[in-house]
Amino acid sequence: MEATTMPSALKGIRVLDLTNVLAGPFCAYQLALLGAEVIKVEVPGLGDLARQLGADADLNARKMGSSFLSQNGGKKSITINLKSKEGREVLLRLVASADVLVENFRPTVMERLGLGYNKLKAVNPRLVYCAISGFGQDGPMQSSPAYDQIIQGLSGVMSITGDARSAPQRVGYPVADTIGGITAAFAIAAALVRQVRSSEGDFIDVSMLDSTIVTMGWVISNFLIAGKEPKPMGNENFTAAPSGTFRTGHGLINIAANKQEQFEALAKIIGREDIISDPRFSERETRKVNRTALTVEIEQALSKKTAVEWEDILSSNNIPAGRVLTVPEALAHPQVGHRHLLAHFDTVPGVDRPIDVVRTGFKMSSGDPDVTIPPPQLGEHCNDILAGIGYSHEEIKHLREVKAI
C-alpha cells in the first residue's frame with residue numbers, strides 16, 4: 001500500500017509543549033504527527049535536556065542530540081524564561097491562543113511560578129491542561145523525583161523481567177516514560193473531543209507509575225484474581241507451552257503455539273508427531289508443567305534448519321513464529337519498510353547529516369500521520385511565534401534585552 005500523508009486530523013489545534021526529556025515530548029510528538037501545531041517552550045540557553053542526550057557527542061554539543069531528534073519533529077521552538085515577569089506574560093498570551101498545554105514538571109512547580117491550571121483556565125476556559133509526572137498530582141510520593149528506571153522498579157516491571165537467575169531486570173528501553181507519553185496523548189485526544197462538544201477545558205493528571213501498572217493487567221490478573229504472584233519467566237509465556245524462544249540450527253526463533261491445534265501442527269511439521277500423545281505434553285496444563293522437557297524435544301528437531309527457514313515454514317502453516325532480530329535488523333525488515341514507518345529529513349538545521357525518525361504505529365484511511373518539518377533548533381521560531389500573538393519588533397527586542405526569552 002502506497003503511503004499517503006495526513007496533516008489534518010488535529011489541524012488547527014495548537015499545543016504548548018513545556019516538557020523535557022521523554023514522556024512529555026513523546027506525548028506532544030504524537031500530537032504533532034497527527035497535524036497539531038506544537039510549540040515547544042524551552043529554557044533560554046539550555047532547552048530540553050534531551051538536546052544533550054544520545055550516542056553522538058558532537059550532536060549533543062550542538063544541542064541537537066539524537067534523543068531530542070527522535071521525538072521533536074514537527075514542532076516549533078520558542079525560549080521563554082518562566083521565572084521572569086515578562087516571560088510569564090508571554091506564556092499567558094500563548095495560552096490564550098492554545099488548545100492544549102502539556103507539562104511534566106514536578107507537582108506544584110507551575111503553581112509556584114504563578115502559572116497553575118486555575119490561572120491558565122481563567123485566561124482560556126477551553127484549555128486542556130495535561131500534567132505528566134512520575135506519581136501523579138497527589139499521594140505520599142507526589143513530589144518525589146522520578147525517571148523511567150525508578151518507575152520500572154516501583155511498578156513491578158523489573159521483578160518479572162529476565163528469568164529466575166537474572167531478574168530483576170530493566171526493560172531495554174524507557175518503557176515507563178513511553179507508556180506515560182502514550183497515555184497522556186490518548187487522554188488529550190479524548191479531552192479535545194469533549195472540548196469540541198462542550199467548549200470546556202479539562203485538567204489531566206497522568207501518573208507514569210499508574211500508567212505502567214495499568215499496562216501490566218494481563219500479568220497482574222494472576223495475582224488479583226488467581227492469587228498467584230507473577231514471577232520472572234525469561235522468554236517463556238506463562239499462559240502456554242510451547243510458547244517462547246527456541247534455538248535452531250542457526251539463530252533464535254520465537255514460537256507461540258498457544259492453541260492445541262497449533263501445538264499438534266508444530267509437532268507434525270518438525271517431524272515429532274510422537275510428542276502429541278506423550279502424557280507429559282498432550283494437554284495445555286501438562287505442557288506448562290513440563291515446558292523445559294518439551295523445549296529440549298523441540299530444539300532437537302529445530303536444529304536441522306535455520307531460524308530463517310523455520311520462520312517461513314511455520315508461518316506458512318499458520319503457526320505464529322518469528323526470528324529474534326537486532327534493532328538494525330528489525331528496521332531493515334521488508335515488512336517495516338513496506339509500512340513506511342520511518343520519516344526522512346534530508347536537511348535539519350544544526351545537524352550535519354540527513355536523519356530518519358519513527359512515525360506512529362497506526363495508519364488511517366484518510367492518510368498516514370506524518371511530520372513535515374524537522375526537529376527545531378533551540379528558539380528557532382521565537383520571532384515568528386511572538387509576532388503571531390501580537391508582539392512588535394521593538395517588544396521582541398525588549399524581551400531579549402531583559403532575558404525574558
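**View 1. Ring pairs link Tyr117, Tyr129 and Phe203 into a cluster in this predicted model.** Local features are taken at pLDDT of at least 70 and side-chain atom pairs at pLDDT 80 or more, while totals for chains, interfaces and linings use all residues. Residue numbers run from 1 along each chain as its sequence is written, and side-chain values use heavy atoms, with hydrogens and water left out. The structure holds 3 aromatic pairs; rings of Phe, Tyr and Trp (its six-membered ring) pair if their centres lie within 6.5 Å, and planes under 30 degrees apart count as stacked, over 60 as edge-to-face and the rest as tilted. The ring centres of Tyr117 and Phe203 are 5.3 Å apart and the planes stand at 55°, so this pair is tilted. Tyr117 belongs to helix H6 (residues 117–123) and Phe203 to strand E6 (residues 202–207), so the pair ties together parts that are 86 residues apart in sequence. Helices (H or I, at least four residues) and strands (E, at least two) are DSSP runs, numbered from the N terminus. Tyr117 counts as buried at 14% relative accessibility, and Phe203 counts as partly exposed at 32%. Buried means under 20% relative accessible area, exposed over 50%, and partly exposed in between (1.4 Å probe, protein chains only).

**View 2. Tyr129 and Phe203 form a stacked aromatic pair.** The distance is 5.2 Å centre to centre, with 25° between the planes. Tyr129 lies in strand E5 (residues 128–133) and Phe203 in strand E6, so the pair ties together parts that are 74 residues apart in sequence. Tyr129 is buried, at 2% relative accessibility.

**View 3. Arg93 lies over the face of Tyr391, and Lys305 has its charged end over the ring of Trp310.** A charge sits over a ring if NZ of Lys or CZ of Arg is within 6 Å of the ring centre and within 35 degrees of the ring normal. For Arg93 and Tyr391, the distance to the ring centre is 3.9 Å. For Lys305 and Trp310, the distance to the ring centre is 5.3 Å.

**View 4. The largest pocket holds about 960 Å³ of space.** Of the 32 residues that line this pocket, the closest to its centre are Phe26, Ser70, Thr178, Val358 and Arg359. On a 1 Å grid over the protein atoms alone, a pocket is an open set of points where a 1.4 Å probe fits, with protein on both sides within 12 Å along at least five of seven lines; lining residues have an atom within 4 Å of a point. Grid points are joined across faces, edges and corners, and the volume is the space filled by probe spheres set on the points. Helix H1 (23–33), helix H8 (175–198), helix H15 (327–331) and strand E11 (355–358) each supply at least two residues of the lining. H8 gives the most, with 5 residues. By class, the lining has 23 nonpolar, 7 polar and 2 charged residues; Ala, Val, Leu, Ile, Met, Phe, Trp, Tyr, Cys and Pro count as nonpolar, Asp, Glu, Lys and Arg as charged, and the others, Gly among them, as polar.

**View 5. Helix H1 is mostly covered, with 11 of its 11 residues buried.** Among these buried residues are Phe26, Cys27, Tyr29 and Gln30. Gly35, which follows H1, has a positive phi near 100°. Val21 lies in the loop between strand E1 (14–17) and H1. Val21 is not a glycine but has a positive phi of about 70°, and at 23% relative accessibility it counts as partly exposed.

**View 6. Lys63 has a positive phi, near 60°, in a residue other than glycine.** Lys63 is placed in the loop between helix H2 (57–61) and helix H3 (66–69). With a relative accessible area of 26%, Lys63 is partly exposed.

**View 7. Cis peptide bonds join Ala167 to Pro168 and Ala241 to Pro242.** Omega is about 0° for the bond between Ala167 and Pro168, and about 0° for the bond between Ala241 and Pro242. Pro168 lies in the loop between helix H7 (148–155) and H8. Pro242 lies in the loop between helix H10 (217–224) and strand E7 (243–247).

**View 8. His381 lies in the loop between E11 and helix H17 (382–388).** At 16% relative accessibility, His381 counts as buried. His381 touches Lys75, Lys76, Ser77 and Pro376, not counting residues up to four places away in sequence; contact means heavy atoms within 4.5 Å.
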